[in-house]
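Subject: A structure for you to look through

Hi there,

Here is the structure I promised to pass on.

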Amino acid sequence: MKAAFIGAFGAPDVITLGERDLRAPGAAEVSVRVETASVNPLDVKILAGYLQQVFPIEFPYVPGTDFSGVIDAVGAEVTQFKPGDRVFGRTSPNAGGAFAQRLVVSAEDVCLMPSAMSAEQAAALPTAFGTAQQALFDVGRLQRGQRVLIHAAAGGVGSMAVQLAHHAGAHVVATASGKNVDLVKSLGADEVIDYRQQDFAALRDIDLVLDTVGQDTLARSWGVLRAGGRIATLVDFSIRSTATHVGESVFFASATPFLAQAVQMFQQGQLQVITDAIFPLDEARSALEKVATGHARGKVLIRMSP
Ligand SMILES: NC(=O)c1ccc[n+]([C@@H]2O[C@H](COP(=O)([O-])OP(=O)(O)OC[C@H]3O[C@@H](n4cnc5c(N)ncnc54)[C@H](OP(=O)(O)O)[C@@H]3O)[C@@H](O)[C@H]2O)c1
């Protein structure tokens with residue numbers, strides 16, 4: 001099978017394209033003919049070698065965690081899926097494997113894809129939807145009627161978070177650059193701040209900040225919180241609570257608990273998937289470079305067949 005892989009850490013240009021063998025699925029695994037994969041900033045960070053402590057990988061490594069496709073074989077103990085089922089899911093970052101024509105994954109990490117969902121829509125969902133859900137509700141404890149500030153609302157996680165928070169009945173304030181303001185409003189934001197023109201730090205009485213940016217953006221976010229308000233950050237793992245505010249990091253470990261909910265919201269017309277660009281597998285490097293800019297609009301996808 002054709003796959004994109006790396007033999008050493010580096011920038012996206014370390015990606016090589018070539019033929020790789022794929023093992024047969026183990027007893028509790030399935031093999032999937034991948035149709036589409038989505039790219040996450042995590043893939044870029046793993047390639048760069050920034051996350052060796054958290055996600056140790058072995059070379060050659062095929063990047064990519066989020067995928068959709070069709071099952072072509074199941075292990076002996078797998079009863080919930082059969083060859084021909086359309087599925088989507090997320091592999092563990094240590095294993096990777098999605099930027100390839102086929103992958104082997106635990107049956108626990110996949111979910112049936114409804115017929116109304118395209119392979120592109122499904123591949124975009126696992127990390128972005130699951131992280132947004134975990135950050136807003138598990139870590140952020142967002143409640144109906146509360147005010148939430150969502151940074152980088154035009155990004156993969158942000159575009160999902162705006163929709164989830166709006167659906168939950170929160171008042172959504174979001175940051176995006178000018179070209180993305182209308183998009184973010186269309187996803188359900190009540191107020192959008194063009195972060196290049198206006199200072200979000202003038203906001204007050206925010207119950208929850210979803211920080212997807214870190215550094216100066218995170219530092220200036222404390223001042224917008226009401227007493228007792230919370231920050232859930234995706235990017236700063238050394239965050240600490242203060243005497244008056246709660247600060248917690250989000251570590252997204254598994255999409256599995258969130259996939260069925262994504263399907264349900266999609267089927268009820270409550271979830272839009274925003275796609276920035278779709279690249280063929282041969283151009284996986286360009287897909288990773290696009291995400292590495294930090295300015296993708298929604299999700300960047302890789303399609304396995306041209
Ligand atoms: N902890 C975890 O478990 C976890 C899980 C998922 C993701 N993450 C991390 O969370 C971060 C976001 O992930 P993602 O997939 O959403 O990234 P992404 O899709 O690459 O985000 C791109 C978006 O960020 C916006 N942006 C860039 N700088 C900004 C700023 N200063 N203020 C507001 N918006 C800004 C860009 O908007 P403009 O083009 O309009 O500037 C763009 O739309 C990444 O660092 C990722 O690794 C962590």
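Below is what I found in it, topic by topic.

First, some ground rules. This is a predicted model, so keep in mind that local features need pLDDT of at least 70 and side-chain atom pairs count only at pLDDT 80 or more, while totals for chains, interfaces and linings use all residues. Residues are numbered from 1 along each chain as its sequence is written.

**Two domains**

The protein chain splits into domain 1 (2-125 + 273-303) and domain 2 (128-249); bounds like these come from an automatic or database domain assignment. Their centres, taken over C-alpha atoms, are 28 Å apart. Where they meet, eight residues of domain 1 are in contact with eight of domain 2 (contact means that the C-beta atoms, placed from the backbone, lie within 7 Å). On the domain 1 side, the touching residues are four nonpolar, two polar and two charged. For those classes, Ala, Val, Leu, Ile, Met, Phe, Trp, Tyr, Cys and Pro count as nonpolar, Asp, Glu, Lys and Arg as charged, and the others, Gly among them, as polar.

**The sheet**

Next, find the open sheet of six strands, ordered β10-β9-β8-β11-β12-β13 with parallel pairing. Helices (H or I, at least four residues) and strands (E, at least two) are DSSP runs, numbered from the N terminus, and two strands pair if DSSP finds at least two bridges between them. At the edges sit β10 (191-194) and β13 (246-249), each pairing on one side only. From one strand to the next, the twist averages 15 degrees.

Now zoom in on β11 (residues 206-211), which three bridges join to β8 (residues 147-150). Five bridges join β11 to β12 (residues 225-233). Is β11 mostly covered or mostly open? It is mostly covered, with six of its six residues buried (buried means 20 or more other C-beta atoms within 10 Å of a residue's own, exposed means 12 or fewer, and partly exposed is in between, with C-beta atoms placed from the backbone).

Helix α4 (residues 156-167) lies across β8, β9 (171-176) and β11, at about 170 degrees to β8. Axes here are lines fitted to C-alpha atoms, for helices over the stretch in contact, and angles run from 0 to 180 degrees between N-to-C directions.

**Around the ligand**

Which residues come nearest to the ligand? Of the 31 around it, they are Ala152, Gly155, Gly156, Ser177 and Phe252 (near means a C-beta atom, placed from the backbone, within 6 Å). The elements giving two or more residues to this shell are α1 (41-48), α3 (126-139), α4 and β9. By class, the shell has 16 nonpolar, 14 polar and one charged residues. Each domain supplies at least three residues.

Most residues other than glycine have a negative phi, and most peptide bonds are trans. Ala152 has a positive phi, near 55 degrees, and sits in the loop between β8 and α4. Ala152 counts as buried because it has 27 C-beta neighbours inside 10 Å. Asp205 also has a positive phi, about 60 degrees, in the loop between β10 and β11. Asp205 counts as exposed because it has 11 such neighbours inside 10 Å. Finally, the peptide bond from Phe59 to Pro60 is cis, with omega near -10 degrees, and Pro60 lies in the loop between α1 and β4 (66-74).

Cheers

Note on methods
Two residues are in contact if their C-beta atoms, placed from the backbone, lie within 7 Å.
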